[in-house]
Amino acid sequence: MNISKVLIIILLFLTSLVNAQNEIVGKWKTIDDNTGEPRSIVEIYKKGNKLFGRIDRILKESDRNQLCKECEGDDYNQPIEGMVIIKDLQKDGDEYEDGTIMDPENGKVYRCKIWLEENDPNTLNVRGYIAFLFRTQKWVKA
């Protein structure tokens with residue numbers, strides 16, 4: 001009887017870990033820092049053991065065909081809609097970190113980590129940082 005209780009507890013624990021990851025995977029609405037208006041839908045997806053994010057849809061129709069003029073490398077002059085902007089995030093406890101996020105408005109690449117808001121699984125915290133300077137955005141489940 002005690003063994004079955006232990007197995008049930010372990011199963012519940014493993015299920016909660018998988019659910020936390022599955023809650024991050026999906027589509028998130030980005031919010032403009034200045035206006036508070038929704039800007040785009042970013043799809044967070046798993047590839048191997050890492051998470052990535054691509055701009056699935058730009059919400060303002062007039063901005064949908066913009067090219068990334070400030071980007072470098074393979075992203076230069078490519079359509080922003082469809083672009084992978086979050087790369088190589090690795091799980092560390094309840095967070096994913098050690099990856100990068102690119103701002104297609106200025107082409108800058110920042111270190112990145114993401115995590116769900118503690119009391120609200122419909123809010124994703126997205127932090128880009130250089131050294132000890134950082135900015136955190138709150139994205140909303142789409």
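This report covers the barrel, the salt bridges and the ring contacts of a predicted model.

## Basis

Residue numbers start from 1 along each chain as its sequence is written, and side-chain values rest on heavy atoms, with hydrogens and water left out. Because the model is predicted, local features need pLDDT of at least 70 and side-chain atom pairs count only at pLDDT 80 or more, while totals for chains, interfaces and linings use all residues.

## Barrel

The strands form a closed barrel of 8, in the order E1-E2-E3-E4-E5-E6-E7-E8, with antiparallel pairing. From one strand to the next, the twist averages 35°. Strands (E, at least two residues) are DSSP runs numbered from the N terminus, and two of them pair if DSSP finds at least two bridges between them. The angles, from 0 to 180 degrees, are taken between N-to-C directions of lines fitted to C-alpha atoms.

One of the pairings joins E4 (residues 84–92) to E5 (residues 95–103), antiparallel and over 5 bridges. Lys87 has Thr100 in E5 as its bridge partner.

## Salt bridges

There are 9 salt bridges in the structure, each a side-chain nitrogen of Lys or Arg within 4 Å of a carboxyl oxygen of Asp or Glu. One of them joins Lys27 and Asp56 at 3.1 Å, N to O. Lys27 lies in strand E1 (residues 26–31) and Asp56 in strand E3 (residues 50–58), so this contact ties together parts 29 residues apart in sequence. Lys27 is partly exposed at 37% relative accessible area, as is Asp56 at 22%; buried means under 20%, exposed over 50% and partly exposed in between (1.4 Å probe, protein chains only).

Arg135 and Asp33 meet at 3.0 Å, N to O. Arg135 belongs to strand E8 (residues 133–141) and Asp33 to the loop between E1 and strand E2 (38–47), so the bridge ties together parts 102 residues apart in sequence. Arg57 and Glu81 meet at 3.6 Å, N to O. Here E3 is tied to the loop between E3 and E4, with 24 residues separating the parts in sequence. Through shared partners, salt bridges also join Lys27, Glu43, Arg54 and Asp56 into one network.

## Aromatic rings

The whole structure holds 1 aromatic pair (Phe, Tyr or Trp rings, the six-membered one for Trp, with centres within 6.5 Å; planes under 30 degrees apart are stacked, over 60 edge-to-face, the rest tilted). The rings of Tyr45 and Phe52 have centres 5.9 Å apart and planes at 20°, so they are stacked. Tyr45 is partly exposed at 24%, whereas Phe52 is buried at 11%.

Lys47 lies over the face of Phe52, 5.6 Å from the ring centre. Arg127 lies over the face of Phe134 at 4.0 Å from the ring centre. Such a charge has NZ of Lys or CZ of Arg within 6 Å of the ring centre and within 35 degrees of the ring normal.

Conventions:
Helices (H or I, at least four residues) and strands (E, at least two) are DSSP runs, numbered from the N terminus.
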